[in-house]
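Okay everyone, thanks for coming. Let's have a look at this one together.

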Amino acid sequence: VLLEYEEQISAIDLMGRTVYEIKGNNNCTPLQLKIKDQPAFCLAKQGEIVCYSSDNGSLLKKYPFSGRILAWKAMEFDGKYGIGMRTEDALYFLNLVNGKKKRIDAKASDFMAFSSKGFVVKGKKGMELLTDIAKIEIQVPAFWNVAGEIFLGKEIGLLFYDEANLVLAVS
């Protein structure tokens with residue numbers, strides 16, 4: 001379990017004992033994911049994203065990144081596993097294998113949420129899901145909210161709502 005404090009991250013075991021600590025300021029909540037099938041977590045530091053082993057806190061990888069991350073999620077994009085990110089002015093995907101950063105063709109102000117396969121944004125006709133291969137129009141008005149993602153066996157659905165309605169959109 002990771003505990004986030006103002007000046008450090010502490011990992012504790014099931015008995016509540018501190019296993020390791022990583023000192024320093026972070027710009028975003030820690031992101032837990034897997035790197036090469038190894039449990040890991042990433043921290044957004046000034047000018048870089050730093051990934052550590054969840055098992056022992058050892059450094060796994062560093063990726064240069066200059067933007068201030070407002071939101072992020074582990075996801076698959078371009079057929080690769082990585083991190084989707086929203087900064088103040090853009091959306092990005094960071095490939096964890098080669099460290100390449102790809103800017104997503106959408107305004108950061110239109111960003112609504114992440115899905116496991118892409119970015120949900122406000123479009124001209126309603127909501128859109130930006131995936132690695134397509135821009136998928138979702139028949140939901142752009143002023144609605146995104147409640148989250150639901151896994152229905154092999155299908156993935158996005159749940160949207162407004163004041164009196166709830167819609168599940170499945171591809």
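So, which strands make up the open sheet of four, and in what order? The order is β8-β9-β10-β11, with antiparallel pairing. Before going on, a quick word on what we're looking at: this is a predicted model, where local features need pLDDT of at least 70 and side-chain atom pairs count only at pLDDT 80 or more, while totals for chains, interfaces and linings use all residues. Residues are numbered from 1 along each chain as its sequence is written, and side-chain values use heavy atoms, with hydrogens and water left out.

Back to the sheet. Strands here are DSSP runs of E, at least two residues long, numbered from the N terminus, and two of them pair if DSSP finds at least two bridges between them. In general, strands of a sheet pair through backbone hydrogen bonds, either parallel or antiparallel. Take β9, residues 80–87: five bridges join it to β10, and the two run antiparallel. One detail to find on screen is Met85, whose bridge partner in β10 is Tyr92.

Now the rings. Phe, Tyr and Trp rings (for Trp, the six-membered one) pair if their centres lie within 6.5 Å; planes under 30 degrees apart are stacked, over 60 edge-to-face, and the rest tilted. The structure holds seven aromatic pairs. One of them is Phe77 with Phe93, tilted, at 5.4 Å centre to centre and 40° between the planes. Phe77 sits in β8 (residues 69–77) and Phe93 in β10 (residues 91–95), so this pair ties together parts 16 residues apart in sequence. Buried means under 20% relative accessible area, exposed over 50%, and partly exposed in between, using a 1.4 Å probe and protein chains only. Phe77 is buried at 3%, and Phe93 is buried at 2%.

Last topic: what does Lys73 form with Glu149? A salt bridge, with the closest N and O atoms 3.5 Å apart. Lys73 lies in β8 and Glu149 in β16 (residues 145–152), so parts 76 residues apart in sequence are tied together. The rule is a side-chain nitrogen of Lys or Arg within 4 Å of a carboxyl oxygen of Asp or Glu, and it gives five salt bridges.
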